[in-house]
Amino acid sequence: MSRLIKTDDSVVNASSNPAFSAILEASLDRRGLLKGLGASLALGLAGGTVSQLAQAANAAPTAPLSLGFTGLPFSTDDVVHVPAGYSTQVLYAWGDPVGVPGKQPAFKQDASNSAEEQALQAGMHHDGMAYFPLPFGSAHSKRGLLAINHEYTDDGLLHPDGMAHWNDKKTAKAQAAVGVSVIEVEDTGKGWRVVRPSALARRITATTPCAISGPAKGHALMKTQDDPKGVRVLGTLNNCANGQTPWGTYLTCEENWSDYFANNGELSADDKRYGIKATDAGYKWSETDFRFDRQITPNEAHRFGWVVEIDPFDAKSTPVKRTALGRVKHEGAMLVLAPDNRVVVYMGDDQRFEYIYKFVSSKPYNPKNRKANFDLLDHGTLYVARFDQDNTGRWLELTHGKNGLTAANGFASQADICIHTRRAADLVGATKMDRPEWIAAHPHKPYEIYCTLTNNSERGKEGKPGVDAANPRVDNSFGQIIRWFEGDNNPATTEFVWDLFALGGSPTGKGDKKASVQGDTFGSPDGLKFASNGLLWVQTDVSTSTLNEKDYAGMGNNQMLAVIPERGEFRRFLTGPRGCEITGIAFTPDNRTMFINIQHPGETSSERSDPAAPKAVSAWPDGAAGGRPRSATVVIRRDDGGVIGVA
Ligand code: FEO
Ligand code: CA
Ligand code: CA
């Protein structure tokens, strides 16, 4: 049965649009489908809907995968559930030592670790993650590195007395609890362990020196008193989702960076477009670290909002902010290779009514010389997506001098476009989406791309954009997964066709709250990643406040599902502890070990916990013996050692 959803009555017959037909026909032809599918497809091309055509395209024979587990029910338990025949193991929780030689402070359950100790331990709120086999260049599935994002802090849990009596030491500890961990891990035969000590173990925090590269390097808007050349910035923060390059580097993405800044003076156009307000979102850093006070350090905010490249194989390497990829609230950076080996990076800007971007490198990836690839992400073309009502789409180029991006319109250079990317995208007429989160490319068809649009409670509200074909629901609580097929089977092209793969919803939801999913339902898809065998994994982040609403209580805790896109049935594989979000996903090359992250167990409707009652909602993972709930990386194995998720 099809999960391909006709979005609304405005979906037109493909035959009425020559441009679309040409793209799709050419695309299908190249897949060899016309021959294989014969008359029925020919009929489709002549008169089918876009969805039917995409469905036909998807009928291409692929690896004979089938799901090999019994789906789980919804859960409100304070544990991680996986199907019968699978086991989990907590590997690396907030506060666990990262494994730097000679410096491995233990976690203190009363949260009394110092900032210096926190900088040598797992940060808070694990998010995106990638596995790199060791040694570099191998495909080892029993020893490797995990690079793990630590997105943000719950200062109620981070300090013994929470947010009270804020001071510079609390700012320092919070800054040490965000960023990235690189840990060495190995399969001992009796389970996985963090290798301690390891020469490759490191923490990158909000104070780690990072280089600035690409078009915005050295631009006047990137210069500060501490960095008069605009080439070096301290730290990365709010590291959400991620990417991984074929040359063995990790891409960490700065998402809600604006929440850390305060501007208690007149707001600039940049402040308004990126959501910087008079006060920060409750982090209080600007009270003691004046980098985050825009009145005192006006340009510091330009130095966040980037994709940052890290070489995990060199603990002394300097992370690099790649400004050619634009400055937005970057969710992730999904990288694929075009047929000519140019690098294509897909990126969501996760805020209501923001955009989907892609970057195409100028030079091809060089598989023979690792270091030759280290500046690939500095030179190329940035695009933003427009999803048209007829299920075609176009990548709009964000290049200085093109599409109205000229000095007359406020863009004097490519650096201006890279720094003010959202405003450039506004000007070229990109489609305002329902919060683009993760993007995943099919491993066997890298031109077939999926993106989670997690929700948008303001869609269709008075004064806000209304629905469109790609974002078809008002007050969209539960989100959707959109997918597109790049023209010419080439991720580097500028035209595509798209459809809606699934609409999230609650089991009791009606109208715009109703799911349109074959199999198990879910809400607010967020994490999204293909295993190399073609199995697609979906992680959810239904907000605690939504789950607390009576009508949606039946959805249980956040969860992870698997789907084989060509077959279409979603099946619930994992449910998390109370108050958590499931995020971050990585596999060993043999797909026999999966790593996922449990983020913010115990979160209530408030983002900062009451330090007097830290276990009010969740005591995961330490249980009664623990002091506070902790985000953590979890290992998932099949008890018989088989490939995860499949029969
Ligand atoms: Fe950090 Fe959009 O999730
Ligand atoms: Ca996310
Ligand atoms: Ca989310």
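Some ground rules to begin with. Residues are numbered from 1 along each chain as its sequence is written, and chains are lettered from A and ligands numbered from 1 in the order in which they are written. As the model is predicted, local features need pLDDT of at least 70 and side-chain atom pairs count only at pLDDT 80 or more, while totals for chains, interfaces and linings use all residues; side-chain values use heavy atoms, with hydrogens and water left out.

First, the overall form. The protein has 10 helices and 30 strands; these are DSSP runs numbered from the N terminus, helices being H or I of at least four residues and strands E of at least two. The C-alpha atoms fill a box of roughly 70 × 60 × 55 Å along the principal axes. The radius of gyration, taken over C-alpha atoms, is compared with a globule rule of 2.2 Å times the number of residues to the power 0.38. For 647 residues a compact globule would come near 26 Å, and the protein's 23 Å agrees. Buried residues make up 62% of the 647, where buried means under 20% relative accessible area, exposed over 50% and partly exposed in between, with a 1.4 Å probe and protein chains only.

Next, the calcium ions. Donors here are N, O and S atoms within 2.8 Å of the metal, or 3.2 Å for Na, K and Ca; water is not among the atoms, so sites may look incomplete. Which residues coordinate the calcium ion (ligand 3)? They are Glu437, Asp526 and Asp541, at 2.3 to 2.5 Å. Glutamate 437 sits in strand 20 (residues 436–441), and aspartate 541 in the loop between strand 25 (536–540) and helix 10 (544–548), 104 residues apart. Glutamate 437 is buried, at 3% relative accessibility, and aspartate 541 is buried at 17%.

The calcium ion (ligand 2) has Glu331, Glu437 and Asp526 as its protein donors, lying 2.3 to 2.6 Å from it. Glutamate 331 is in the loop between strand 12 (320–322) and strand 13 (334–337), and aspartate 526 is in strand 24 (residues 525–530), 195 residues apart. Glutamate 331 is buried with a relative accessible area of 0%; aspartate 526 is buried at 3%. The two ions are 3.7 Å apart, and glutamate 437 coordinates both.

Now the cores. In soluble globular proteins, nonpolar side chains tend to be buried together. A nonpolar core is a set of buried Ala, Val, Leu, Ile, Met, Phe, Trp, Tyr and Cys residues joined through side-chain atoms within 4.5 Å. The largest has 46 residues, and those touching the most other members are Trp537, Met560, Phe570, Phe573, Ile596 and Ile636. Strand 26 (residues 559–563) gives the most to this core, with four residues. Another core, of 32 residues, lies apart from it and includes Leu158 and Tyr260.

Last, the backbone. Most residues other than glycine have a negative phi, and most peptide bonds are trans. Leucine 134 and proline 135 are joined by a cis peptide bond, omega about -5°. Tryptophan 620 to proline 621 is also cis, with omega near 0°. Asparagine 238 has a positive phi of about 50° and is buried at 2%. Asparagine 391 has a positive phi of about 70° and is buried at 1%.
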